[in-house]
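Here is a short report on one protein chain. It covers pockets, cavities, sheets and a few backbone details.

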Amino acid sequence: MCGIVGYTGKKQAKSILLSGLDILEYRGYDSAGICIEENGAFALCKASGKLERLREKSQNHVFSGTCGIGHTRWATHGAPTEENAHPHLSSDGSFSVVHNGIVENAEALRAMLKEHGFSFRSDTDTEVVPQLMQYFYRGNVQEAFLKTVKMLSGSYALGAMSTYEPGKIFAAARESPLLVAKGADRCFVASDAMAFPLEDLQIYSVEAGELAVLSKNGVLFQNTDGEAITKQPIQVERECIQHDKSGYDFFMLKEIMEQPAILAKLAQTDMGKLSLSDELVQSVRCVHIIACGSAYHAGLAGKRFLESLAGVPTFVEMASEFRYRSPILEKGDLVIAVSQSGETADTIAAFRYAKEKGAATLSVVNVLGSTLAREADGVLYTDAGPEIAVATTKAYTAQVLVLYQLSLHLAEKRGRISLEESQKLKEKMKKLPQKAEKVVKQAEEIRKISEEIKNVNHIFFIGRGADADTAAEGALKLKEITYIHAEAYAAGELKHGTISLMEEGTPVIAIATQKALYDKMRSNIQEVKARGARVYAFTPDAQIAREADYALYLPDTDEHLGSVLAAVSLQLLSYYTAIGKGLDADKPRNLAKSVTVE
Ligand code: M6R
């Protein structure tokens with residue numbers, strides 16, 4: 001989703017801004033721009049499409065200035081055109097702004113500004129921000145910025161500059177992540193810590209109700225009454241991700257292949273360090289897991305573990321829906337937010353709502369120091385390392401494994417299973433990484449299946465029990481990066497409607513890793529075959545494999561974790577299908593890695 005970078009210091013800003021934007025590219029965008037202050041005016045360069053176009057266009061100008069802001073835009077208000085790309089300038093050209101989020105009262109503000117003679121160049125909600133700064137400016141940029149911010153409803157992360165006060169960047173945020181970093185003789189602002197250069201920096205998060213003023217001499221924080229405030233730097237993950245595909249063609253493949261090692265590391269995690277009190281762990285009445293997309297699917301797996309192992313009733317909620325159905329939250333409820341980025345706007349909004357209602361909170365996140373990590377009572381890191389491909393792979397399986405371990409921990413602490421039993425399950429879990437290794441070694445087999453399905457328009461994923469959840473994840477992954485319409489169905493539900501869609505040649509991916517459900521799955525496979533479906537079975541079971549038209553043998557494992565192995569194989573299937581279609585597996589159309597708007 002949109003990304004912000006800003007720099008003020010002694011060096012020329014252009015290449016620093018472009019490098020920052022390069023790194024933010026993985027978040028997803030459809031236009032980009034930079035604005036650099038030069039001799040009392042702004043030099044602006046914007047382009048729709050990929051960053052290469054911005055780079056090319058920016059060659060036409062020298063850009064000697066040392067203070068600037070840049071942006072990658074993921075269109076919400078207005079098409080992804082050059083006019084709508086950020087930075088946006090005020091009518092008189094003296095204020096320049098980049099923005100992430102949505103100004104929900106933009107229409108009313110536009111109308112008000114138009115009455116005062118302002119005209120607009122873009123269709124964006126953002127353009128009201130520099131215009132308001134111009135409107136409020138009475139000789140003090142900071143005051144104009146503060147007054148502007150107070151007018152905005154909705155979510156925002158803002159970086160602003162003015163020709164009236166060269167060398168300064170003004171930053172503010174509400175419900176949208178924004179970080180500032182202070183180095184020697186320079187300051188940076190960015191929506192993602194990865195965009196900061198890998199040098200010694202003190203990093204601060206800009207919170208709601210705060211304003212940061214950056215200059216080459218440092219950063220000053222104030223509250224909305226203009227009073228100075230002192231902030232502590234935060235710990236965030238910063239790794240050089242830019243070109244590190246480790247020899248793979250795409251980050252997605254690299255990240256899939258990293259899974260055995262990540263699962264091995266996680267299998268050693270000591271849940272005893274869980275920062276929730278023993279009292280809470282023992283008294284939890286029920287769990288609400290809130291998450292979006294694949295993280296929601298990991299939550300479904302978590303529900304099965306928490307209920308079957310720990311005996312804790314668990315509800316899994318799409319974070320985007322959670323607040324709109326008056327959820328019942330009572331004392332003793334634990335809300336678990338699951339998120340790779342820790343910055344998903346829907347998940348954060350649902351999480352904050354639950355906190356306000358007094359629920360205890362835990363987050364299962366991948367990105368160190370992200371909003372969900374900072375705001376929760378307890379954090380479990382998935383420790384999968386930076387995930388760059390838009391389609392999540394390693395973070396998803398890591399989420400599932402962490403939720404499994406959490407469930408084992410709760411089961412032990414609440415006396416639901418003996419230490420001996422728990423130990424046995426842990427031993428089996430420790431074998432998961434080597435089994436995942438076997439799955440990734442079947443890449444060529446999986447690629448062959450992808451050849452068969454790459455030209456279909458529709459495909460079904462079916463499974464029972466935990467495999468039904470994995471089917472949902474497999475279908476999401478395929479849709480996301482191959483643009484093939486995929487539908488996931490609990491296999492037993494097919495006969496209640498969807499089976500009417502089966503006809504000669506309909507491709508069906510049947511996932512069967514749950515021994516107790518093999519017989520039932522076989523019946524469901526027979527049902528679709530009888531109607532002409534072509535079945536691809538992903539299973540350790542020889543009999544199911546024989547009944548399918550094509551089988552991928554999965555390693556046999558503990559009933560709780562078999563679906564993790566199936567998920568890895570389905571990730572590879574999506575990847576090879578996308579490659580077979582000549583698509584960019586890392587950056588699917590219309591999607592963003594970190595979805596920071598609701
Ligand atoms: O960062 P999060 O885990 O909170 O992201 C949630 C979803 O947007 C994400 O899982 C999305 O569904 C993936 N792109 C799917 O591969």
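How many nonpolar, polar and charged residues are in the lining of the largest pocket? By class, that lining has 11 nonpolar, 10 polar and four charged residues. Here Ala, Val, Leu, Ile, Met, Phe, Trp, Tyr, Cys and Pro count as nonpolar, Asp, Glu, Lys and Arg as charged, and the others, Gly among them, as polar.

This is a predicted model, where local features need pLDDT of at least 70, side-chain atom pairs count only at pLDDT 80 or more, and totals for chains, interfaces and linings use all residues. Residues are numbered from 1 along each chain as its sequence is written, and side-chain values use heavy atoms, with hydrogens and water left out.

## Domains

The domain assignment of the chain gives domain 1 (3–223), domain 2 (244–430) and domain 3 (441–586). Such bounds come from an automatic or database domain assignment. The centres of domain 1 and domain 3, taken over C-alpha atoms, are 45 Å apart.

## Pocket and cavities

Both terms rest on a 1 Å grid over the protein atoms alone. A cavity is a set of points where a 1.4 Å probe fits but cannot get out. A pocket is an open set with protein on both sides within 12 Å along at least five of seven lines. Lining residues have an atom within 4 Å of a point. Grid points are joined across faces, edges and corners, and a volume is the space filled by probe spheres set on the points.

The largest pocket holds about 560 Å³ of space. It is lined by 25 residues, and Cys292, Gly293, Ser294, Lys593 and Val595 are the closest to its centre. Helix H9 (293–308), E17, helix H11 (345–356) and H17 each supply at least two lining residues. H9 gives the most, with three. Helices (H or I, at least four residues) and strands (E, at least two) are DSSP runs, numbered from the N terminus.

Four cavities of 30 Å³ or more are counted. The largest cavity has a volume of about 310 Å³. Its lining has 24 residues, with Asp192, Ala193, Ser341, Glu343 and Val367 nearest the centre. By class, these lining residues are 10 nonpolar, seven polar and seven charged. Why does the largest cavity lie between domain 1 and domain 2? Because domain 1 (3–223) and domain 2 (244–430) both give residues to its lining.

The second largest cavity has about 100 Å³ of space. Of its 15 lining residues, Cys2, Thr76, His86, Gly101 and Asp125 are the closest to its centre. Strand E6 (residues 95–103) gives the most to this lining, with three residues. The lining divides into four nonpolar, nine polar and two charged residues.

## Sheets

Two strands pair if DSSP finds at least two bridges between them.

Another open sheet has five strands in the order E16-E15-E17-E18-E19, and the pairing is parallel. Its edge strands are E16 (314–318) and E19 (378–381), and each pairs on one side only. Here the twist averages 20 degrees from one strand to the next.

| Strand pair | Direction | Bridges |
|---|---|---|
| E1 (residues 3–8) and E4 (residues 67–73) | antiparallel | six |
| E17 (residues 333–339) and E18 (residues 360–365) | parallel | six |
| E20 (residues 458–463) and E21 (residues 485–490) | parallel | six |

Isoleucine 4 stands opposite histidine 71 in E4. Alanine 337 has serine 363 in E18 as its bridge partner. Histidine 458 has histidine 485 in E21 as its bridge partner. E20, helix H17 (residues 466–482) and E21 make a right-handed β-α-β unit. Right-handed means that, with the strands pointing away from the viewer, the path from the first strand over the helix to the second runs clockwise.

## Backbone details

Most residues other than glycine have a negative phi, and most peptide bonds are trans. Two places in this chain deserve a look. A cis peptide bond joins histidine 86 and proline 87, with omega about 0 degrees. Proline 87 lies in the loop between E4 and strand E5 (88–89). Glutamate 175 is not a glycine, yet has a positive phi of about 60 degrees. Glutamate 175 sits in the loop between strand E8 (169–174) and strand E9 (179–183).

Key:
Axes are lines fitted to C-alpha atoms, for helices over the stretch in contact, and angles run from 0 to 180 degrees between N-to-C directions.
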